[in-house]
Amino acid sequence: MENNLTRQEAYALLKKYNKEPFHIQHALTVEGVMRWYANELGYGDEADYWAIAGLLHDIDFEMYPDEHCIKAPLLLKEAGVSEDMIHAVCSHGYGLCSDVKPEHEMEKVLFAVDELTGLIGAAALMRPSKSVMDMEASSVKKKFKDKRFAAGCSRDVISKGAESLGWEMNDLFEKTILAMRSCENQIQEEMEQA
């Protein structure tokens with residue numbers, strides 16, 4: 001896997017096409033979650049790559065919502081991003097807005113956690129703490145079953161993501177909560193500086 005962007009370059013590229021704090025915070029969350037998973041699953045030497053794929057996964061969503069994962073390759077190629085990274089970014093939309101299938105374990109993780117971080121983030125905002133630090137998988141499971149809660153977060157994608165990784169849903173919930181805890185404070189600091 002070829003990573004030819006620094007984190008600073010990737011973040012500047014993200015901000016070139018994304019201005020909404022919500023979208024930037026989501027990108028930072030997925031970045032942190034992907035870094036945690038890389039380390040957790042034994043890909044520590046590729047953690048920067050995993051994180052940058054997470055940071056850039058929705059690069060085209062804000063400006064080109066109707067061309068999500070279609071416009072991304074053009075924007076990324078223009079910035080000199082590797083074909084590996086472009087494949088990873090586009091694979092997170094598999095079956096929704098892309099026919100690029102997640103193949104590498106990193107792509108499967110990105111596919112599984114993208115929607116799930118949104119659901120967990122929305123559930124955290126309902127808590128008195130507004131944080132994932134005191135969240136349990138059982139709370140996420142309850143919100144997951146309530147189709148009206150965070151209705152924009154596809155339960156089908158989350159389920160397919162867990163299945164493609166060979167994980168139980170509860171494992172995916174627990175791991176992703178831990179991953180989000182690992183980066184929550186850093187993201188808050190970065191959002192305050194933005």
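A residue is called exposed here when its relative accessible area is over 50%, and buried when that area is under 20%. In this predicted model, Gly-95 has a relative accessible area of 63% and is therefore exposed. Gly-95 sits in the loop between α5 and α6. Along the chain, 62 residues separate Gly-95 from Val-157, yet the C-alpha atoms of these two residues are 8.6 Å apart.

The loop that carries Gly-95 also holds Ser-98, placed between α5 (83-91) and α6 (105-125). Is Ser-98 buried or exposed? Its relative accessibility is 13%, so Ser-98 counts as buried. A polar atom of the Ser-98 side chain lies 3.0 Å from the backbone oxygen of Cys-90. Leaving aside residues up to four places away in sequence, Ser-98 touches Cys-69, Cys-90 and Gly-93.

Cys-69, one of the residues touched by Ser-98, belongs to another loop, the one between α3 (47-56) and α4 (72-78). With a relative accessibility of 7%, Cys-69 is buried, because the cut-off lies at 20%. The backbone of Cys-69 deserves a look as well: phi is positive, at about 70 degrees, although the residue is not a glycine. Lys-130 is another residue other than glycine with a positive phi, in this case near 55 degrees. Lys-130 is found in the loop between α6 and α7 (137-145).

The cysteines come next. How many disulfides does the structure hold? The count is 0. In general, a disulfide is a covalent bond that links the sulfur atoms of two cysteines. For Cys-69, the closest cysteine sulfur is that of Cys-97, at 3.7 Å, which is too far for a bond because the two sulfur atoms would have to be within 2.5 Å. In terms of accessibility, Cys-97 is partly exposed at 26%, whereas Cys-69 is buried at 7%.

Turning to the helices, α6 contains 21 residues and spans 30 Å from its first C-alpha to its last, close to the 30 Å expected at 1.5 Å a residue. Helix α2 (residues 21-40) has 20 residues, and the distance from its first C-alpha to its last is 28 Å, close to the 28 Å expected at 1.5 Å a residue. After α2 comes Gly-42, with a positive phi near 90 degrees.

The largest nonpolar core comprises 61 residues, of which Tyr-37, Leu-56, Leu-76 and Leu-172 touch the most other members. The element that gives the most to this core is α6, with 10 residues. Which residues does Leu-76 touch, not counting those up to four places away in sequence? They are Leu-13, Leu-56, Ile-59, Val-81, Ile-86 and Val-89. Among them is Leu-56, itself one of the residues that touch the most other members of the core.

Notes. Residues numbered from 1 in each chain as written. Predicted model: local features only at pLDDT ≥ 70, side-chain atom pairs only at ≥ 80, totals over all residues. Heavy atoms only, no water. Helix = DSSP H or I, 4+ residues; strand = E, 2+ residues; numbered from the N terminus. Buried < 20%, exposed > 50% of the residue type's maximum accessible area, 1.4 Å probe, protein only. Polar contact = N/O pair within 3.5 Å; in protein donor to acceptor, adjacent residues only side chain to side chain. Contact = heavy atoms within 4.5 Å. Expected span 1.5 Å × (residues − 1). Core = buried A, V, L, I, M, F, W, Y, C linked by side-chain atoms within 4.5 Å.
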